[in-house]
Amino acid sequence: MKPPAFTYHDPTSLEEALELLRRYGEDAKVLAGGQSLMPLLNFRLSSPPVLIDLNRIAALAYIRQEDGQLRIGAMTRQRTIEFSALVRGRLPLLYEATTLIGHLPIRTRGTIGGSLSHADPAAEYPAVAVALEAELVLQNASSTRVLRAEEFFVTYLTTALAPDEIVVEVRFPLSVSTSGWAFAEFAQRHGDFALAGVAAVLDANGEQCRLARLAAAGVGPTPIRLRTIEHMLEQNGLTEQSIDAAAEKAAELVEPDQDLHASADYRCHLVRVLTRRALRQAAARSREKQQ
Amino acid sequence: MKEQRHIRLIINGETRSGQVEPRKLLVDFLREDLGLTGTHVGCEHGICGACTILVNGEAARSCLMLAVQADGAELRTVEGLAGKDGLHPLQNAFREHHGLQCGFCTPGMLMTAYDLLQANPTPTEEEIRAGLSAVLCRCTGYHGIVQAVQAAAERIQATK
């Protein structure tokens, strides 16, 4: 038997799950799609006394448009998001980022709530949530709170979730008009975690940039919102020159660590290249839409 | 006495059941309890793809699922790929195009390719390569595998 022994609960309702979490607190690990936690269990790098499996809670899997937001239930599979016409139409950045997560068989099981709660800074969804100013709905047995994505990510694999809380929903605002989008990343092999990634959305009018939102993945302890770049683009527009200047600046704004996959310098270089690539593509898509 | 659960599922069209500890992986249940050793165990952490099977019609890593999570599900493994009329077009194409040498990755390749063609019946070579990057092969260099999937896609389209 590979995983260490645990007491297993597979509640069928959210209330039941939250009650179990209230009872077990830090002794419990919550199992969503299992694409990160199961490897940790198989290698016995994690040995929680109690496992609370959310996969039987059908009520946590949905995608719906409500109050000017696209609301996605935490247990919605990445595969469902990938093939959702609503997501593709209203949040093309989320669609594009989804296709870059692992491989299709990983996305069959992986969930949006699980990916955000795992909070790997190199993962796609945290960067998208930060760039799109998503809100996360956190719930425990007695209360609910809503956090902005930027407040939710604390550091490497660490979020603002209390031991008795889970993410139940992710809310993406649809109010800001974003005609251009792109997720650019570089990974050594297709499907690997990216060495660096940049998520960008734009609202452009010709070379004028009414709005820009950017976040970088894999180059810090959390996804990093590139506000300075946003201001630069909104002021200077989307000329080749201003895109180049933004890319140069982006590489200065991040302070990545080095690890066995890449040096800090190389990651800065990637941020420069990927920012340019993402902005060019987002601007091109924006122009296409206007024609 | 360790906690045991009774599970019941449909595998390759047949209802099967068993008693399992909750921590037992689905792939180990298939191989050890049901004797369905066609599904291979490689890396055991979701990287190599050898254990890929269809869960409710969609490819998934059976080393990253607990057997108890498959209670009530419908699974298809490589043993269920061939039909009454013989091998599946993918299997025939793998044979014709030398899509395997040692065969270790083959069950995962076949089930992944099956799902790939289901999601995208007329993939380009690039799309096939991207899709098959979900499974690691250490001997053929992928060339024959890609050709096999391309040939199978064409054959399936032609017989539609």
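**A helix pair in chain B**

Mentor: In chain B, the residues B:Glu125, B:Ile128, B:Arg129 and B:Leu132 of H4(B) meet B:Ile145, B:Val146, B:Val149 and B:Gln150 of H5(B), a contact being a pair of residues whose C-beta atoms, placed from the backbone, lie within 7 Å. This is a predicted model, in which local features need pLDDT of at least 70 and side-chain atom pairs count only at pLDDT 80 or more, while totals for chains, interfaces and linings use all residues. Residues are numbered from 1 along each chain as its sequence is written, and chains are lettered from A and ligands numbered from 1 in the order of writing.

The axes of H4(B) and of H5(B), the latter covering residues 143-158, come within 10 Å and cross at roughly 120 degrees, with axes fitted to C-alpha atoms over the stretch in contact and angles running from 0 to 180 degrees between N-to-C directions. The crossing is right-handed, a term for a near helix turned clockwise from the far one by less than a right angle.

As for the chain around this pair, chain B has 5 helices and 5 strands (DSSP runs numbered from the N terminus, H or I of at least four residues for helices and E of at least two for strands), and from the N terminus on they follow the order β-β-α-β-β-β-α-α-α-α. The radius of gyration, taken over C-alpha atoms, is 16 Å for chain B, close to the 15 Å that the globule rule (2.2 Å times the number of residues to the power 0.38) gives for 160 residues, so chain B is as compact as a globular protein of that length. Along the principal axes, its C-alpha atoms fill a box of roughly 55 × 30 × 25 Å.

On confidence, chain B averages a pLDDT (the predictor's confidence in each residue, from 0 to 100) of 96, and 99% of its residues score at least 70, while the complex receives an ipTM of 0.96 and a pTM of 0.97 from the predictor.

Notes:
Two residues are in contact if their C-beta atoms, placed from the backbone, lie within 7 Å.
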